[in-house]
Amino acid sequence: VAGGPAQEISQAGIEPYGVPTWSTDGLRVAFQAYANGNMEIFQALLLTGEFTQVTSAAGIDAKPVWVSR
């Protein structure tokens with residue numbers, strides 16, 4: 001998102017662990033985070049700050065990548 005001051009996005013119960021990846025449209029960011037004791041992939045809609053959990057596997061999910069369709 002161009003212009004303006006930096007804004008923190010967070011949600012209770014989700015501990016970001018780096019590897020943020022911007023969507024090609026610049027509206028979302030995907031990242032890996034600990035949730036319920038497991039590493040998962042999340043995305044955040046930057047305009048609203050809404051988080052969506054993308055994975056829910058028992059193993060470690062890491063290094064998100066955006067793919068054009």
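User: How many bridges join β3 to β4?

Analyst: Happy to start there, keeping in mind that this is a predicted model. The two strands run antiparallel. One of their pairings sets alanine 35 against asparagine 38 in β4. The number of bridges joining β3 to β4 is eight.

User: In the hairpin of β3 and β4, which residue takes a positive phi?

Analyst: Two residues lie between the strands of this hairpin. The phi in question is near 55°. The residue that takes this value is asparagine 36.

User: How far apart in space are phenylalanine 31 and valine 19, C-alpha to C-alpha?

Analyst: Good one to check in your viewer. Along the sequence, phenylalanine 31 and valine 19 are 12 residues apart. In space, their C-alpha to C-alpha distance is 5.6 Å.

User: How many of the eight residues of strand β4 are buried?

Analyst: Strand β4 covers residues 38–45 and is mostly covered. Of its eight residues, the number buried is six.

User: Which residue in β5 stands opposite alanine 44?

Analyst: β4 pairs with strand β5, residues 50–53, in the antiparallel sense over four bridges. The hairpin of β4 and β5 has four residues between the strands, and glycine 49 takes a positive phi near 80° there. Opposite alanine 44, the residue in β5 is phenylalanine 51.

Note on methods. Residues are numbered from 1 along each chain as its sequence is written. This is a predicted model: local features need pLDDT of at least 70, side-chain atom pairs count only at pLDDT 80 or more; totals for chains, interfaces and linings use all residues. Side-chain values use heavy atoms; hydrogens and water are left out. Buried means under 20% relative accessible area, exposed over 50%, partly exposed in between (1.4 Å probe, protein chains only). Two strands pair if DSSP finds at least two bridges between them.
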